[in-house]
Amino acid sequence: MRDMRELIDGGVKLDRVNVGNVAPHEGAKSIKASVYLNEQDEVDIKTMINAGVEVTAQMVPTESDASITTFLK
């Protein structure tokens with residue numbers, strides 16, 4: 001998440017970012033199958049959303065491309 005946020009913070013214009021697979025890592029919890037986020041990941045996602053970027057969570061094309069906020073508590 002940090003890399004994407006840094007790109008956006010650096011001026012790269014993106015309309016949409018998809019989070020498709022994030023492996024378990026330190027402090028991370030599962031928000032859906034194959035997506036694990038820690039507190040910093042969530043901050044980075046919220047920063048991207050606040051910058052006007054649509055952030056989705058979709059593993060495969062046949063899966064719903066729901067906003068990642070649907071899965072954040």
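**Salt bridges, core and hairpin in a predicted model**

Glu42 forms a salt bridge with Lys29, and their closest N and O atoms are 3.5 Å apart. Because Glu42 belongs to helix H2 and Lys29 to strand E2, this pair ties together parts that are 13 residues apart in sequence. The model is predicted, and it holds six salt bridges.

**The Glu42 and Lys29 pair**
- Glu42 counts as buried, at 11% relative accessibility.
- Lys29 is partly exposed, with a relative accessible area of 45%.

**The Asp44 and Arg5 pair**
- A salt bridge joins the side chains of Asp44 and Arg5, at 2.4 Å from N to O. The pair links distant parts of the chain, with Asp44 in helix H2 and Arg5 in helix H1, 39 residues apart.
- The C-alpha atoms of Arg5 and Asp44 are separated by 6.0 Å.
- Both residues are buried; for Arg5 the relative accessible area is 17%, which is under the 20% limit for a buried residue.
- Arg5, Asp9 and Asp44 are linked in a network of salt bridges.
- Not counting residues up to four places away in sequence, Arg5 touches Gln40, Asp44, Thr47 and Met48.

**The Arg16 and Asp65 pair**
- The side chains of Arg16 and Asp65 meet in a salt bridge at 2.6 Å, N to O. Arg16 lies in strand E1 and Asp65 in the segment after strand E4 (54-56), so parts that are 49 residues apart in sequence are tied together.
- Arg16 is partly exposed, with a relative accessible area of 39%, and Asp65 is also partly exposed, at 36%.

**Nonpolar core**
- The largest nonpolar core has 14 residues, and those with the most contacts inside it are Leu37, Ile45, Met48, Val55 and Ile68. Strand E3 (35-37) and helix H2 (39-50) are the elements that give two or more residues to this core.
- Ile45 touches Met1, Leu37, Val55, Ile68 and Leu72, leaving out residues up to four places away in sequence.

**Hairpin of E2 and E3**
- Strands E2 and E3 run antiparallel and are joined by three bridges.
- Lys29 has Leu37 as its bridge partner in E3.
- Two residues lie between the strands of this hairpin, in which Ser34 takes a positive phi near 65 degrees.

**His25**
- His25 lies in the loop between strand E1 (16-18) and strand E2 (29-32) and is partly exposed, with a relative accessible area of 31%.
- The side chain of His25 reaches the backbone oxygen of Ala23 at 2.8 Å.
- Beyond its neighbours within four places in sequence, His25 is in contact with Tyr36, Leu37, Asn38 and Asp41.

Conventions:
Residues are numbered from 1 along each chain as its sequence is written. This is a predicted model: local features need pLDDT of at least 70, side-chain atom pairs count only at pLDDT 80 or more; totals for chains, interfaces and linings use all residues. Side-chain values use heavy atoms; hydrogens and water are left out. Helices (H or I, at least four residues) and strands (E, at least two) are DSSP runs, numbered from the N terminus. Buried means under 20% relative accessible area, exposed over 50%, partly exposed in between (1.4 Å probe, protein chains only). Contact means heavy atoms within 4.5 Å. A polar contact is a pair of N or O atoms within 3.5 Å; within protein, one must be able to donate a hydrogen and the other to accept it, and residues adjacent in sequence count only if both atoms are side-chain atoms. A nonpolar core is a set of buried Ala, Val, Leu, Ile, Met, Phe, Trp, Tyr and Cys residues joined through side-chain atoms within 4.5 Å. Two strands pair if DSSP finds at least two bridges between them. A salt bridge is a side-chain nitrogen of Lys or Arg within 4 Å of a carboxyl oxygen of Asp or Glu.
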